[in-house]
Structures are given as C-alpha cells and as structure tokens.
Amino acid sequence: MFRRLLSRRFRKRPSASEKPLPQLEMLREDLENLPEVLIPPGYGLRTYKAGDESAWCAIMEGNVGRNWTVETCREQLINDLRFHAENLFFATCDGRPVASACAWRKTPDAETVGEVHMVAVLETHRRRGLGHLVNAAVLHRLKTLNFQQAHLLTDDWRLPAIKSYLTAGFRPQHTHSSHPERWKAVFEKLGISD
C-alpha cells in the first residue's frame, strides 16, 4: 500500500508559475530516545572532509535547490560561521558520498533548538534507509551539542522523508496559515490520521 502512495502522482512539485508557499515545519520536542544510527549493508557514514564540495552539490542538486556549484556550496555552507565539519554527515557507497544532512543552527547564537538541515539522498540510492541514517546521525550530534529540541523544514511532496521524520519523533508545526490544510493533505496521502 505504501508503494502505491508514493507513486509519481503524489510527488508533485510546484510549477514555476505557482506562488511559492513557505515550507512545512516539524519539531522534535526533545532529544531523548533517539533513533539508532543504523548503517545499511554496503554503506558507510562519515563527516565532511576538504574536497567534498562537489559530491555535496551532486546530492543537493534537484533535491534541495538547483544550480549548485563548489563556489555556492562554499558561500552558503562551508564559509558560514555556523558550519563545522563534524556536523555535516555523509552516507557513502564505495567511499563516495550518496546522502547528506547537517546539524545546524538557525542563528549563530541558537542554543535550545538545533536544525536538521539540507537532508538529501541521490535518486539511485533512495529507499535504502539513508535519509533515516543521516537524520539519526544529525539528531545524535545535536544532542551532543546540548540542544534540547530539533527543528526542520520540508516540502509537501517529500512523502518518504516526512514519513521518516514522523518515525524519528518529529511532529508537524503550524507556523503559517496554509500549514493545517497542507498537513492534512500530506497525512491523507500517507494514509495516516493526524
């Protein structure tokens, strides 16, 4: 049944002519009882090292924006004062990064709520638990950094990711007038009650 729910008709991305709505938001109220960091067979897990910019751009491309270059990666991530190499996780296959997520701060002085930031998996490696893996790694990192809660932004059409976030203990937030109806539609597509 879940496979049917994830068919292409539910993966609709907004067209260029539609006015963009703010992303959906989710919050994990605490960082207790975190999901295990389970590495699927054939994969590895590591943090950022110099030279990973191109691989990170390939993972983000089409998943989190478009037209990523090494320069924009450096401008928007690596050179940001909030960036720390040990907070950027990669799932790897044969040593090559194929999924990524980052433990982040919304503002440089944020201390209570940490961000699960820029979660993405290469299309050829989806449905193998890699999004869950990098998300769990980030949650454990946020706890190590003494955050008490975790927040994230996501899109309506990212149904597998939303299901993974719900499983990891995140709950929808209603921070925009469009959110209640959009969350209701997401839950209907996932076949769960809100």
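Met118 is found in strand β5, residues 113–121; strands here are DSSP runs of E with at least two residues, helices are runs of H or I with at least four, and both are numbered from the N terminus. This is a predicted model, where local features need pLDDT of at least 70, side-chain atom pairs count only at pLDDT 80 or more, and totals for chains, interfaces and linings use all residues. Residues are numbered from 1 along each chain as its sequence is written, and side-chain values use heavy atoms, with hydrogens and water left out.

Back to Met118, then. Its phi is positive, at about 55 degrees, although Met118 is not a glycine. Most residues other than glycine have a negative phi. Met118 is also buried, with a relative accessible area of 16% (buried is under 20%, exposed is over 50%, and partly exposed is in between, using a 1.4 Å probe and protein chains only). Asn67 is another non-glycine residue with a positive phi, near 65 degrees. Asn67 sits in the loop between α2 and α3 (70–78), and at 64% relative accessibility it counts as exposed.

Now for the whole fold. The protein chain has 6 helices and 7 strands, and reading along the sequence gives the pattern α-β-β-α-α-β-β-β-α-β-α-β-α. The radius of gyration of the protein chain is 16 Å, close to the 16 Å from the globule rule for 194 residues, so the chain is as compact as a globular protein of that length (the radius is taken over C-alpha atoms, and the rule is 2.2 Å times the number of residues to the power 0.38). Along its principal axes, the C-alpha trace spans about 40 × 35 × 35 Å. Of the 194 residues, 46% count as buried. Contact means heavy atoms within 4.5 Å; among contacts between residues at least 6 apart in sequence, 73% join residues at least 24 apart.

What about the surface and the charges? The chain exposes about 10800 Å², with carbon and sulfur atoms supplying 51% of it; these areas come from the Shrake-Rupley method with a 1.4 Å probe. There are 28 positive and 23 negative side chains, and the centres of the two sets lie 8 Å apart. Lys and Arg count as positive and Asp and Glu as negative, leaving out His and the chain ends, and each charge is placed at NZ of Lys, CZ of Arg, CG of Asp or CD of Glu.

Asp155 lies in the loop between β6 (149–154) and α5 (159–167), and it is buried at 17% relative accessible area. The side chain of Asp155 makes a polar contact of 2.8 Å with the side chain of Arg158, and another of 3.2 Å joins the side chains of Asp155 and Gln23. (A polar contact is a pair of N or O atoms within 3.5 Å; within protein, one must be able to donate a hydrogen and the other to accept it, and residues adjacent in sequence count only if both atoms are side-chain atoms.) Leaving aside neighbours within four places in sequence, Asp155 is in contact with Gln23, Leu24 and Ile162. Ile162 is one of the buried residues in α5, which also include Leu159 and Tyr165.

Pro40, in the loop between β1 (24–28) and β2, is buried too, at 14%. Beyond its neighbours within four places, Pro40 is in contact with Arg128, Leu130 and Leu133. Lys49, in the loop between β2 (43–47) and α2 (53–60), counts as partly exposed at 49% relative accessibility.
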